[in-house]
Amino acid sequence: MPSACAVAAAAAAAAVMAARCVRLARQSLPAYLSLRPSPRLLCTATKQKNSGQNLEEDVSQNEQKTDTPSSEKILLDEKVKLEEQLKETVEKYKRALADTENLRQRSQKLVEEAKLYGIQGFCKDLLEVADILEKATQSVPKEEVRDDNPHLKNLYEGLLMTEVQIQKVFTKHGLLRLNPVGARFDPYEHEALFHTPVEGKEPGTVALVSKVGYKLHGRTLRPALVGVVKAA
């Protein structure tokens, strides 16, 4: 069993240690309290933080407001450019359509004219044959065409029938004969060989037809060779 003296010594030592601990705690408490932020400081820091966030948000909003008009202007400029390009493209398309339609109409007209007047050269050659037939029939004396002269009569009638038939063929293909005796002189259909006064005839009219003319589908293929009446 420990003696009473040892117990007393241990108790005294423990009391000394406790006193030291209390003293050290009292010395450290002001420093700790100085390091701990006060509620007022915390409130001020929170306000500053919120103010900084609000300032950043205001700056961001101002930047967005500044950028928005610039973006709208760029979009409007692009819209104007695209509208101009669309308008120009539509105009080019319309002109192309008009040119194509004009080309189609010209081509169609050329085809139709080729169908109508493709036989023009052939008709001109046949006109000489018709002229020869007409001269042949006109050269036969009518008094010689009698029943007692059957050979001449048959030949004459054959020439007449051939002449009538060739005129039918001409008419079928749009080739019309021009014999303008007594008609007004037309420089598009007639060719004047001479001018002469003729009693009882109106000046400017056709007095004599030396060679008949022809028109193919309304176009003069060969003008009639005529003599024109002039004033006395």
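This is a predicted model: local features need pLDDT of at least 70, side-chain atom pairs count only at pLDDT 80 or more; totals for chains, interfaces and linings use all residues.
**Ground rules**

Residue numbers start from 1 along each chain as its sequence is written, and side-chain values use heavy atoms, with hydrogens and water left out.

**Entry 1: the sheet**

I started with the strands (DSSP runs of E, at least two residues; helices are runs of H or I, at least four; both numbered from the N terminus). Pairing here takes at least two DSSP bridges between two strands.

I then went through the pairs. β1 and β4 share 4 bridges; arginine 177 partners tyrosine 214, and leucine 175 partners leucine 216. β4 and β5 share 3 bridges, and leucine 216 has arginine 219 of β5 as its bridge partner. The β4-β5 hairpin has 2 residues between its strands, and histidine 217 takes a positive phi near 50° there.

Which residues of β4 are buried on its two faces? I noted Gly213 and Lys215 on one side, Tyr214 and Leu216 on the other. Buried means under 20% relative accessible area, exposed over 50%, partly exposed in between (1.4 Å probe, protein chains only). In a regular strand the side chains alternate between the two faces of the sheet.

**Entry 2: helix α3**

I checked the length of α3 (residues 120-139). At 1.5 Å a residue (times one less than the number of residues), its 20 residues should span 28 Å, and the end C-alpha atoms sit 29 Å apart, which agrees. Its buried residues are Cys123, Leu127, Ala130, Asp131, Leu133, Glu134 and Thr137. Their cover includes α4, β1, β3, β4 and β5.

Angles run from 0 to 180 degrees between N-to-C directions, with axes fitted to C-alpha atoms, for helices over the stretch in contact.

**Entry 3: α3 against α4**

I looked at how the two helices meet: their axes come within 10 Å and cross at roughly 150°.

**Entry 4: glutamine 167**

Is glutamine 167 buried or exposed? I have this α4 residue as buried, at 18% relative accessible area. Leaving aside neighbours within four places in sequence, glutamine 167 contacts Ala130, Arg177 and Tyr214. With which side chain does glutamine 167 make a polar contact? The partner is tyrosine 214, at 3.1 Å. A polar contact is a pair of N or O atoms within 3.5 Å; within protein, one must be able to donate a hydrogen and the other to accept it, and residues adjacent in sequence count only if both atoms are side-chain atoms.

Definitions and conventions: Contact means heavy atoms within 4.5 Å.
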